[in-house]
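Me: I have just opened a structure that is new to me. Could you help me learn to read it, step by step?

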Amino acid sequence: MEDPAHAAAPHGPRAVALLGPQGSGKSTLSIALSAVAGNLRRAGRAPPATREIVPLHCDFLGERWVLLDCPGSLEFAQEAAAALAVADLAVVVAEPDPERALALRPVFRMLEEQGVPFLVFVNKVDAMGAPAEALLAAMQAETSVPLVARQMPLREGERVSGYVDLLSERAFRYRPDAASERIGLPAAAEATEQAAHDALVDSLADRDDELLEQVIEGAAPSPASLYGHFRRDMEAGSLAGVMFGAAEHAHGVLRLWKALRHDAPEVTTTAARHGIAPDGPALVQVFRTSWRGAAGKLSFVRVWRGALRDGTSHSGVRIGGMMRFAAGELQRIAEAGAGDVVALGRLEGIGTGFGLGEAAPHLGFPAAPPPLHEVAIAAADRRDDVKLAGGLEKLLEEDTALRLARDPESGETRLAGLGELHLGSAVERLEQLAGVAVRTARPRVAFRETIRRAVREHARLKRQTGGHGQFADVTLEIAPRARGEGFAFADRIVGGAVPKQYIAAVADAAEEAMRRGPFGHPVVDVAVTLVDGGFHAVDSSDMAFRAATRAGMAEALAKAEPVLLEPIHRIRVSAPNAFTAGVQRLLTGRRGQILGYAERPGWTGWDDTEALLPAAELHGLAVELRSQTVGLGSFVHEFDRLSEAPARLAEKVAQAASG
């Protein structure tokens, strides 16, 4: 009987996202798929881990494909999310160790949230020691989508030497860098294969009454029928198939191609999943932006419907250059149709996530996760500030997970991202885009000051330098206010001791003096009252009263038992529950106060730990957390309140201010 994967009618261009934990072999699989399809010379080990989507066009059995190789690190998760936004199907590349299945949870969660159908390719089976059943159970614990084995590994001794296709019930032996050889089913594997095949059929029958009736009556469904049911269930997201292989040796890669060819949805199906009507003018969506030196800005787009032609205008925007990614190189093309993934040159005014066409404003795109790590950046040479600004503009176009802000208090320009690796990569890229050296530093903490007790301070300014002099006399009372009440000014002047026209100058100067206290930081929650004073009919002025007030405030704040306040953030850390105790030790080691922990909603086996943590301790937390949670931990935080800083920290800050 002909394999339905071979018999499938030709399809239009399709896009497949390859994703999985770092080190699982996604890039190696991408190269192997391209080599097996005849688009590269041979498979082999991939280059170092990618930090952005790497598109690769392939032709397989006369059909066009684009493979979207995604980074594995959680710090580049937005790249994977962007690829999934335009993919017809995803291949999750997993390692053959059940203990590593935990790392699949964020990947599976992203797929479930975006509703993208997927299959699992268990890579490196040449190093597989655990039984397939144990691996499947471990992976199933990480996703709500039923995982159904469509292959069963065959072993010769301890080594995996081939597999059985459970849909067609055919056995194959791996051959180095060649298509697998069909063999007879080993007698020792017959009982196991039959049980695995029956489990697959039962799983499909659970979702189809007609097939269930066949099973109950004892009729054996044909392979063609099973292929059809499997495809429909995968497309609907009702299950995900699990396959096995070793990309470095091209084991199982041809069979994976055939599964993709048979099971990957058409672009019309994917467009419908996104709410895009099949009829209408051409519609494209940008899923990544890249600046390529002399080539300028390139926008990677998926064509959802219609056709694009190079040199024409579309929705008022001229298409100035169209390229595909063949064998890792950009090749110019003249036209792209529905389903194609291409790069468009000089697509001005259209950012990542947006599109061209009548329905473009309504296209959905995944929002970036909240940033976890922040650095202050500046040009190493201040004369390069303009170049740096231009580079930052391009960088933010390329990476939608980055956030840029200027802190008005410190004057720092701050770049925030998803971790130290993410920001390190971003700064390297910024230096390339701007053509300047970039200096980074730890951002300054927004400390505040307040006072513990009320004091009364008298200040007088009396200067005579010939002609009109300067004279002002003020008596001020300053007192602490409740946290969050801010600054307040009042006067109790009687008898015109200070004329009304000068009281406003005193108020302004008192508030201005709050900008920098004894520790060198803004002062908050203080009440200032002008209770007495004196003036001279000729020598008094606004300027004189301002100067006297500033001097009085400086003395008063120093005498009022000043204290340093540090910002405290409420933080929620998410990690597998095996690491919860370690997470709590990490937080308390950074002066955190644990508020409690509970199971993360919708994430079985994961905990959310809530705590109060000083903002000064947030820097570097993402690095240490990822180190302690095998790269899986993450957190969100927000400002909660100001709290008195420890004496040792206050002393350190005071020394820095005086220095």
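Predicted model: local features only at pLDDT ≥ 70, side-chain atom pairs only at ≥ 80, totals over all residues.

Me: Which residues line the largest cavity?
Reply: Its lining is made of Gln78, Glu79, Ala82, Phe287, Arg288, Thr352, Glu398, Asp399 and Thr400. Two elements give two or more residues to this lining: helix 3 (77-84) and strand 12 (283-291). The largest share, 3 residues, comes from helix 3. Sorted by class, the lining has 2 nonpolar, 3 polar and 4 charged residues.

Me: And which element gives the most to the lining of the second largest cavity?
Reply: That is strand 3 (residues 63-69), with 3 residues. The lining residues include Arg64, Trp65 and Val66, along with Pro13, His57 and Asp340. By class, this lining divides into 4 nonpolar, 2 polar and 3 charged residues.

Me: Now to helices. At what angle do helix 6 and helix 7 pack?
Reply: Helix 6 (residues 190-205) and helix 7 (residues 209-216) pack at about 135 degrees, and their axes are 8 Å apart. An angle over 145 degrees would count as roughly antiparallel, so this pair is described as oblique.

Me: Which residues meet where helix 6 and helix 7 pack?
Reply: From helix 6 come Val201, Asp202, Leu204 and Ala205, and they meet Leu211, Leu212 and Val215 of helix 7. By class, this contact has 6 nonpolar, no polar and 1 charged residues.

Me: Let us finish with one residue. Is Asp384 buried or exposed?
Reply: The test is relative accessible area, and under 20% counts as buried. Asp384 has 19%, so Asp384 is buried. You will find Asp384 in the loop between strand 22 (373-379) and helix 11 (385-398).

Me: What is Asp384 in contact with, leaving aside its neighbours within four places in sequence?
Reply: Asp384 is in contact with Ala379 and Val436. Asp384 and Val436 are 52 residues apart in sequence, yet their C-alpha atoms are 6.8 Å apart in space.

How values were computed: Residues numbered from 1 in each chain as written. Heavy atoms only, no water. 1 Å grid on protein atoms, 1.4 Å probe; cavity = no way out; pocket = protein on both sides within 12 Å on 5 of 7 lines; lining within 4 Å. Helix = DSSP H or I, 4+ residues; strand = E, 2+ residues; numbered from the N terminus. Nonpolar A, V, L, I, M, F, W, Y, C, P; charged D, E, K, R; others polar. Axes fitted to C-alpha atoms, helices over the stretch in contact; angles between N-to-C directions. Parallel < 35°, antiparallel > 145°, perpendicular 65-115°, else oblique. Contact = heavy atoms within 4.5 Å. Buried < 20%, exposed > 50% of the residue type's maximum accessible area, 1.4 Å probe, protein only.
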